Amino acid sequence: MEQNSLNPVAESGARVRLVPDTGENLIELKDITFAYPGRPAIFENFSFAFPKGAKAGLVGSNGSGKTTLLQLVMGLIKPQKGEIRLFGEPTKKEADFRKARIKIGFVFQDANDQLFCPTVKDDIAFGPLNTGHTREEADAIVEEVLALLKLSDFRDRITYALSDGEKKLVSIGTALAMRPEMLILDEPTTCLDESAVERVVKVLLDCGLPYLIVAHDRPFLDRVVTSKYLMANKTVTPMDTKNAILHQEEQ
Ligand SMILES: Nc1ncnc2c1ncn2[C@@H]1O[C@H](COP(=O)(O)OP(=O)(O)O)[C@@H](O)[C@H]1O
Ligand SMILES: [Mg+2]
């Protein structure tokens, strides 16, 4: 039941809040307005909530703002207006986002934005080493993550020489290595062949973490998420309208 209680505060022009604010959200965006410099606004008074324990997909056409939404959540870009709360805490300053980011395993749409170390093992160890783990602990995490993704043979490979699909898998590894409390994945299956997709599906189903996944690959999403949101016309709406109506009736 809880898995289906996706809790999008999908506020349209009519500003309907679909479910009561339970204070149990991992992510809350309230009345966000955001435009890239010199461009029209992508979001205007946009609100969105992602509740504890959710396993949700976010779909929408190219350019609809999915990556922008994820980057706002991660504090990589800043809204001109509005409020962001992560793990129940207001996140305003960079220090707030830094604290929250440690708890989120984030996979960039472009793996080249994620990987910057000489070798695969350095890239996977980077997060743990940066968050206070010893070299030995970081090495153990690297082995664990590589085994999970069936990438143990890649330990000493040169990152920049990997194929796009291999880079994507390693990116997912760097997110898992943070031992996060939730995952946010931006198109994790792009460039992956069937067997690599299977590895990702297994990792997601086994990880026990909540996650928000942007993907065009609907069959993949259908296997790993319990609810989906649609991003269109500067707003996010739950795709399971039956659920949304149910939540409205519960109010
Ligand atoms: N750094 C940027 N500067 C200016 N415009 C951008 C930038 N990044 C994305 N955009 C534009 O913002 C819109 C939303 O992009 P994006 O969030 O990447 O969409 P999606 O991930 O849904 O494909 C698009 O029109 C895109 O061209
Ligand atoms: Mg995108």
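This is a predicted model: local features need pLDDT of at least 70, side-chain atom pairs count only at pLDDT 80 or more; totals for chains, interfaces and linings use all residues.
**Conventions.** I number residues from 1 along each chain as its sequence is written, with chains lettered from A and ligands numbered from 1 in the order in which they are written. Local features need pLDDT of at least 70 and side-chain atom pairs 80 or more, while totals for chains, interfaces and linings use all residues.

**Confidence.** I looked up pLDDT, the predictor's confidence in each residue from 0 to 100. The protein has a mean of 88, and 86% of its residues reach 70 or more. Over residues 1-21 the pLDDT is below 50. It also stays under 50 over residues 241-251.

**Overall.** I find eight helices and ten strands; these are DSSP runs (helices H or I, at least four residues; strands E, at least two), numbered from the N terminus. Of the 251 residues, 40% are buried, meaning that 20 or more other C-beta atoms, placed from the backbone, lie within 10 Å of the residue's own.

**Helix 3.** I took residues 120-130 next; the buried ones include Val-120, Ile-124 and Ala-125. Helix 4 (135-148) and helix 5 (164-176) are among what covers them. Gly-132 follows helix 3 and has a positive phi, near 95°.

**Helix 3 against helix 4.** I read an angle of about 125° and axes 9 Å apart; axes are lines fitted to C-alpha atoms over the stretch in contact, and angles run from 0 to 180 degrees between N-to-C directions.

Definitions and conventions: Two residues are in contact if their C-beta atoms, placed from the backbone, lie within 7 Å. A residue is buried if 20 or more other C-beta atoms lie within 10 Å of its own, exposed if 12 or fewer, and partly exposed in between; C-beta atoms are placed from the backbone.
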